Amino acid sequence: MEQMREAAAHWIMMHEHPFTILDEDGFNLMMRRGMPEWQKISRTTCRADCMKIYEIEKKRLKKSLECVDKISLITDCWKSKTQKIEYMVVTGHWIDSCWNLQKRVLSFINIPPPRGGLQISDAIFKCMKEWGIENKVFTITVDNASSNDLAIRYMKDTIQRSRTLTCEGNLFHVRCCAHILNLCVQDELREIECIIGNIRESVEYVELDFEMLSCALKFKEAFKMFKERDPFYGCCPQEEEWDKAQKICSLLEAFWIATHIISGSEYPTSNLFLQEVQKIKSALDIYAQYEDLFLKQLSSKMKEKFDKYWGDCNLSMAIAAVLDPTKKMLAVEFCFPKLYSELDASKHILKVKEIINSLYEEYVVEETNKGAPHLLESESFGSSSARRSQQNSVYNWDDFDEYCAKVETSETKRSELVDYLEKGRLKKNEIPKIFSCLEWWRMNRIQYPILSKIAADILAIPVSSMASEATFSAGTRVIDSYHSSLSPDTVRLYCVGVIGFDIYMD
């Protein structure tokens, strides 16, 4: 019965059942049929059992985080419609010792108003202290809300009192790329809000379920025929509206593709974003030259907003692209002149080179301080007694050793970074059909012991908070009606207990 109690608690959390399901007569009748010794479990007992599992798994995860050197965080805020309260979710991303991308929801807590930068900063830091990762946080990804900018400044100040941030904090603040793309698109979509509304109503009227705008266009003729046959269907778009929707769809295709690529949570995405940003910018530049006045005006406004949000160089994404063996520094040198003016492009390229060199030097010092097993010039393989015996052997050749020492020290040894960058990138015909940047670094970690650590930490950076927004989304960052009916403590139990520990995901 004790084992059944534990199994019942796992079942409740796995399928997010209400605790009251254990009180149902039919459930208890079924359990007694299969197990005569079955004893009814009260909702209070089950909740206590769930909390016990939660604490056990929390300790297990905390223990595993002790082995992690660096962890990148995402944070975002969620609203609850029925309770009128707001929650903040904090998700951790890192590469484990087996070179697998790991992610865990570490916190899902109610933040009482006012929810300013200081309150957000305090909540994040409390989460970091709770998990013992305050000295391991590498980056934090947030959306572009002004309160988040303020929170990051507070975070930097707090952390720098006890340790130095990597690259003087230049990489610490990562802006959610999906949010930036969303901002570029949403204002312009409002201009055809009535058209989209008609298409959406048409889709809902015939109860179709697909990618709404692009797929609805494929059924344009079907909607026209449906209008002729159904007198109550009065929201069919006009031909001119279909035409505008078609143009909008072609314009938004690059945004749609980029958003889907960077919103993946099962694979690293930081190395993929620079090329998608460049594709979007090139598409906007092309559409801005169109003779079609509607498209030209729309793309020009989106281009203006795009330039505003990408005016500053996104260093994390640039470095991630450099650490992709299929791109390297050539990707930055190719993309930046297309994203920025000639002067700004040169300035940003130089900045990327400075930061990546600074980052490498910091990791060299870090590994040296850890006592990493790099051989010193006076060391060789084998025990000290073996070395002494060798010195007394017939192989002792002092003058030759002195000569070699002079020659070898005069030759400058290339760093891992220089070696990696000077070697050609992987060409298309050299890349396997299913290529993983992370797997490449795992396979080459012996050749690049320090650079591979940098790559692992950079590739773990989430470029979008969309992964955390998928937790309990009812369309946007709004908790659905079922979870809104739960107490804040129980919401935390479900969100962190189930998704955070991944105990039911294997």
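**Close-up 1. Helix 15 crossing helix 20.** The axes of helix 15 and helix 20 (residues 449–459) come within 10 Å and cross at roughly 115 degrees; axes here are lines fitted to C-alpha atoms over the stretch in contact, with angles from 0 to 180 degrees between N-to-C directions. This is a predicted model, so local features need pLDDT of at least 70 and side-chain atom pairs count only at pLDDT 80 or more, while totals for chains, interfaces and linings use all residues. Residues are numbered from 1 along each chain as its sequence is written, and side-chain values use heavy atoms, with hydrogens and water left out. Helices are DSSP runs (H or I, at least four residues), numbered from the N terminus. Helix 15 and helix 20 therefore count as roughly perpendicular (65 to 115 degrees).

**Close-up 2. Where the two helices touch.** On the helix 15 side, the residues are Leu359, Tyr360, Tyr363, Val364 and Glu367. They meet Ile450, Leu451, Lys453, Ile454, Asp457 and Ile458 of helix 20, with contact meaning heavy atoms within 4.5 Å.

**Close-up 3. The largest nonpolar core.** Among its 72 residues, Phe336, Trp441 and Ile458 touch the most other members. A nonpolar core is a set of buried Ala, Val, Leu, Ile, Met, Phe, Trp, Tyr and Cys residues joined through side-chain atoms within 4.5 Å; buried is under 20% relative accessible area, exposed over 50%, partly exposed in between (1.4 Å probe, protein chains only). A separate core has 26 residues, including Trp94 and Phe172.

**Close-up 4. Cysteines without a partner.** The disulfide count is zero, taking sulfur atoms within 2.5 Å as the cut-off. For Cys46, the nearest cysteine sulfur is that of Cys50, 4.2 Å away.

Definitions and conventions. Angles under 35 degrees count as roughly parallel, over 145 as roughly antiparallel, 65 to 115 as roughly perpendicular and the rest as oblique.
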